[in-house]
Amino acid sequence: MNTKIKFFNTMDRRLEEFRPIHPGEARMYTCGPTVYNFAHIGNFRAYMFEDLLRRTLKYFGYKVTQVMNLTDVDDKTIRDSQACGMKLDDFTAKYKKAFFEDLETLNIEKAEVYPAATEHIKEMIALIKTLVEKGCAYQAEDNCVYFSIAKFPEYGRLAKIDFENQRSGVRIKNDEYAKDAVADFALWKAWDEKDGDVYWESPWGKGRPGWHIECSAMAMRYLGKTFDIHTGGIDNMFPHHEDEIAQSEAANGCTYVNYWLHCAHLMVDGDKMSKSAGNFYTLRECVAKGYSGRELRWVLLGAHYRKKLNFTFAACDQARATLAKFDELFSCLKETAATGNGSEVEEIVSRAKNAFDTGLADDLNISEALAAVFGLQHDVTKLLNTGSLSKPGAETVLAQFRKFDEIFGLFEVDAEKGEKIPPEVLEMAEKRRAARAAKDWAAADAMRDRLKESGWTVEDAADGFRVKRLD
Ligand code: AMP
Ligand code: ZN
């Protein structure tokens, strides 16, 4: 039996108990990046919220299947690949790779599937065909295929917009809109010369899918016609998610998603962080300023997902100081040698654990979860300062922090003290050792030089080697 979790369902605008379709399993779809640039930390607020959601479901015993799409064909990817004279695939491959590297920096858990839009055109065409056959979509004079919102009376249910009045109005036909009604949205975009060599053949001529149909087709392909959770930033709610609902439910005749979860924006000086406003930092820029993935992770996780979060570098500095205090606590806990049976911490640990679990199960209330963690830190520090924490007690506390870290993914409970040696440095040192063993002195010296260039030196030891930073 899994712990009961409540989520704020955007569809009903209220907290609801999570009841998955398949007991013990959670199937979720999260709108992923458009791979035409490096993601900014505003985007990562959304992915971090989804990581928290995923980790929380797993923490409470659910088997999670998460699907996150990669939008690798749209106006922006086509425009920017052409601007730098690259083939679309090569261009997007670069940013897909960067995206996965960034996820690793932030220790965001991998989704089970990352479908790319360009690899699922067949599914998209099939879905559009169904909609056309059902009379919910039409090909207009501009050769594009549009979804007719007049055929879906529930349109606007997620965003709480009343389209009834708008629909009863005039049918718009002018230069800009070949479509029947303004809110009708493109399922298939007919090729034009701006698209260059980017197109697929379809029953409606050559072209490419619209953005909304990509998500519906890929979600259904991997999660079925109805699945548990769909997430994204709040700006995705309308029109993107509204359109996903319309086309999916019109095609399948059943509910598309049971729980809609949306996170609020990451802000800078009171404005939403966004590429178009130019007020953004990529993760890489923050790392170049000297902030680590875990410091940024701490900042991005710090506020409840439905509250706006204002980004500042002062908050990153604060994160560094806070995490250093936890590091110190962990090493003190490891050094404590007092005897006893650990009963002195049982109550405080279980109190912290219960508060932590209750907070998380309450719509991912991270503030309550953090309060429980800080409370434990405070109580344990007091015991340490008075010399009343036994070795088994310290072990219990460390074990609890490891458990907390299933959610936070940033405590270095078991980190060795001292500087971490980068894996590529260790690899060079190992190559040097192997070269020496093979009496290939030239290769060994070359490796030593490469280590030196990277700022490291290697010393031989009876059991192998020691790598040290050059002074
Ligand atoms: P995009 O690449 O613009 O489609 O955005 C990818 C994801 O990031 C979507 O889920 C957006 O809702 C989300 N997003 C974009 N900007 C922000 C922001 N400033 N704060 C939080 N989420 C954002
Ligand atoms: Zn989407």
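Modeller: The accessible surface of the chain comes to about 22,200 Å², and 50% of that belongs to carbon and sulfur atoms; such areas come from the Shrake-Rupley method with a 1.4 Å probe, and for residues only the protein chains shown count as cover. This is a predicted model, where local features need pLDDT of at least 70 and side-chain atom pairs count only at pLDDT 80 or more, while totals for chains, interfaces and linings use all residues. Residues are numbered from 1 along each chain as its sequence is written, and side-chain values use heavy atoms, with hydrogens and water left out.

Biologist: And what share of the residues is buried?

Modeller: Buried residues make up 51% of the 471 residues in the chain, where buried means under 20% relative accessible area (1.4 Å probe, protein chains only).

Biologist: Switching topic, in what order do the 4 strands of the open sheet come?

Modeller: The order is S4-S3-S9-S10, with parallel pairing; strands are DSSP runs (E, at least two residues) numbered from the N terminus, and two of them pair if DSSP finds at least two bridges between them.

Biologist: Which strands stand at the edges?

Modeller: Strand S4 (63-68) and strand S10 (257-263) do, each with a single partner strand, so one side of each is left without a neighbour in the sheet.

Biologist: How many bridges join S9 and S10?

Modeller: Strand S9 (residues 227-233) and S10 pair in the parallel sense over 6 bridges, and Ile-229 stands opposite Tyr-259 in S10.

Key. Chains are lettered from A and ligands numbered from 1 in the order in which they are written. Buried means under 20% relative accessible area, exposed over 50%, partly exposed in between (1.4 Å probe, protein chains only).
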